[in-house]
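Visitor: Hi! I have a structure open and would like to talk it through. Can we start once it's on screen?

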Amino acid sequence: MLGFSRAQAIAFVVMLALIGAAPFLLYPVFVMKVLCFALFACAFNLLIGFAGLLSLGHAAYFGMGSYIAAYAAKSWGVSAEVAILLGGLVGGAIGLVFGWLAIRRQGIYFAMITLALAQMIYFFCLEAAFTGGEDGIQQVPRVALLGLLDTHSDMTLYWVVAGVFLAGFLLIHRIVHSPFGQVLTAIRENEPRAISLGYRVDDYKLLAFVLSAFLAGIAGGAKSQVFGIATLTDVHWAMGGEVVLMTLLGGIGTIFGPVLGALVFGSLETYLAQFGDWVTVSQGAIFIACVVAFRRGIVGEIAHKLKLGL
Amino acid sequence: MDLSRRLLLGSAAAAATLPLRRARAQAANTIKIGVLNDQSGPYRDTGGLFSFAAAKLAVAEFAAQGFSVEVITADHQNKPDIGAGIARQWYDRDGVDVILDVPTSSVALAIAGIAKEKDKTYLNTGAATADLTGKQCAPSIIHWSYDTYMLAKSTGGATVRSGGDSWFFVTADYAFGHQLQASTTKFVEGAGGKILGSVKYPFPGTSDFSSFLLQAQASGAKVLGLCNAGADTVNSIKQAKEFGVTMRLAAMLMFITDVNALGLDVAGGLTLTESFYWDMNDRTRAFAKRLQPLMPKPYMPNMIHAGCYAATTHYLKAVQKIGAVAAKASGTAAVSAMKAMPTEDDAFGKGSIREDGMALFPSYLFQVKTPAESKGPWDYYNTLSSFGPDEAWRPLAEGGCYFVKS
């Protein structure tokens, strides 16, 4: 089914069932937030998990996606799908420029270049007039989908966001299991050998980078529709760090890992809010526990135990 | 001890059995107050659990008849999306009727949108942005304690009148800093003062202010206006002291809790504006004393904490008047009742709430005492001048609030 292995197909059906049931059991806005972060983490995982590229600057694409979608919805009054798509396109366009520069280096240098470029985006967002500085873009209207479907109700918007997430998720799955994805894996495993086999490695890496940035922009755009705001939090480097943590927690290089990581991370951030300091303390503790004992992440460990590819 | 997977999993399982869920008491006549602020970041002492304590004191002292009151709190971590998420959940699912405090302008404005959309009461005592009663006002919102206009008018205008007639600004280079500098400039020039220059520094990330401070010193201006907040203000004041800057320092946004953090030997001589000082009169002293047992640390209240107390008290009076059921049903109804009554409490004395949601009290320009002048702990301020409630705040017509009929 859709190129899933049997174990993956079962996991996918379980995930679908959970997404279907979640808004009736949990607070829909919270689940929407988790879905946005899940898509963001999946996009990040496409780079780190399958192309072996650690980008610390993914907040830039996520945040710009969020700003552009918010601005388009508020100032131009475009409908939800156009706003989110614009967010993705701008994310992808920035990814094209930044990726083109960054893929010339590897390892820590690559990571530092992406971080530095993302900080430039942060300063741009801080200073640019249209972003509203540290107040952000506030009171973004929820514009009707295709001009028809009224998304003011949380439940209607939930199905839209769930649809966006599933489309992004399946796209990533498709990319990973395509011949293009196989070449990415080959580059991750042994770049000189991939070059010697005649692959134009830089082109592959750049395309993976742009796709990842595009999907991060989509996730940011969806988030701005959910919360009705776009702010500096989304472009801050800490957001780029959180997505690393989500992916690591769920399992780098697994298809379902980032989704679970986003769920755990989002739950902590929301349900520990009443305990003040404990949010950051628990994030740190989980990170340490993960690095010490569960290096493959939650899904990664389960898959390893059951000898399955999830 | 060896950190094994089994140990980690075991302790996680044990932790999961701890009772995490709070009891849900949502009777139709229970008023639920949610104190939402920063409890882990730079504003944890200016608001934080101290604001929570002030709200609890107000509830304990208010003999509610016919309804019960519950107070809960959460940390918005200064992130608008987290704050907005909590606010939505509180209003939608947890039966919270009023959200209180909310410092950090970006979060405050995000929640203003939600309160307006859902017609819920929102009493902001912690944020500086004057937009809460201006462009982003709503009929269910009240802004208490202070805003950028009032700070600029008091610190800017009154400093000129007390002799500080030439200014140099050191400004954080982002929207908040620019706004504060622009509005302060207006009042300084309006009072006959001169601006000799200004320098903007990159925000965030600047920790060395020496070159900006020396530039200010070289300008020959009498007053150094600091258009920044939080850690930046504290750092620039400390460094001004270290570099022997002899200008009069005017911190545009600062609280007594910041003064306490700096110490009088550094902060002495500084001018700042607050609408509340615990040692102002017998009533404020009595209020501060009653609050002490509830405070997480032995801190005296600043104007945000006092605002939480006063706003909660006034809100409960309004609920008493229109009934808990009506107050729960419509934030606008509760806030209209609050606007219709004069305010009266130990922290601010008598006051009123204007049509656009601005709570009107006097504002005071304070000078921080030197260690020699101070007689004891928290004896920090000398009052230099004050503005009455009708002149401290932005005139109603200038705010641009959509439902105010001009």
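Visitor: Among contacts in chain B between residues at least 6 apart in sequence, what share joins residues at least 24 apart?
Guide: That share is 72%. Keep in mind as we go that this is a predicted model.

Visitor: What is chain B built from, in helices and strands?
Guide: Chain B has 15 helices and 15 strands.

Visitor: How does the radius of gyration of chain B sit with a compact globule?
Guide: It agrees, because a compact globule with 406 residues would have a radius of gyration near 22 Å, and chain B has 22 Å. The C-alpha trace of chain B spans about 70 × 65 × 40 Å along its principal axes.

Visitor: And what percentage of chain B is buried?
Guide: Buried residues account for 55% of the 406 in chain B.

Visitor: Okay, domains. Which ones does chain B get?
Guide: The assignment gives domain 1 (30-146 + 282-353) and domain 2 (149-274 + 363-385). Their C-alpha centres lie 28 Å apart. Where these domains of chain B touch, domain 1 contributes 13 residues and domain 2 contributes 12 residues.

Visitor: What kinds of residues are on the domain 1 side of that contact?
Guide: On the side of domain 1 of chain B that touches domain 2, you'll find 9 nonpolar, 3 polar and 1 charged.

Visitor: Switching to the core. How many residues are in the largest nonpolar one?
Guide: The largest nonpolar core has 233 residues. Those with the most contacts inside it are A:Ala38, A:Leu39, A:Phe40, A:Val161, B:Ile99 and B:Ile111. Helix α2 (residues 28-51) of chain A supplies the largest share of this core, 20 residues.

Visitor: Why does that core lie between the two domains of chain B?
Guide: Because domain 1 and domain 2 of chain B both give residues to this core. As background, nonpolar side chains in soluble globular proteins tend to be buried together.

Visitor: Let me zoom in on A:Phe40. What does A:Phe40 touch, leaving out residues up to four places away in sequence?
Guide: A:Phe40 touches A:Phe62, A:Ala216, A:Ala219 and A:Val243.

Visitor: Last topic, the two chains. How many residues does each give to the contact?
Guide: Chain B gives 30 residues and chain A gives 29.

Visitor: Which element of chain B gives the most there?
Guide: α3(B) does, with 8 residues on the side of chain B that touches chain A. Elements that each supply at least two residues include α1 (5-16), β2 (68-75) and α6 (175-190) of chain B. By class, that side of chain B has 12 nonpolar, 12 polar and 6 charged residues.

Technical notes
Residues numbered from 1 in each chain as written. Chains lettered and ligands numbered in written order. Predicted model: local features only at pLDDT ≥ 70, side-chain atom pairs only at ≥ 80, totals over all residues. Core = buried A, V, L, I, M, F, W, Y, C linked by C-beta atoms within 7 Å. Buried ≥ 20, exposed ≤ 12 C-beta atoms within 10 Å, placed from the backbone. Helix = DSSP H or I, 4+ residues; strand = E, 2+ residues; numbered from the N terminus. Domains from an automatic or database assignment. Contact = placed C-beta atoms within 7 Å. Nonpolar A, V, L, I, M, F, W, Y, C, P; charged D, E, K, R; others polar. Rg over C-alpha atoms; globule rule 2.2 N^0.38 Å.
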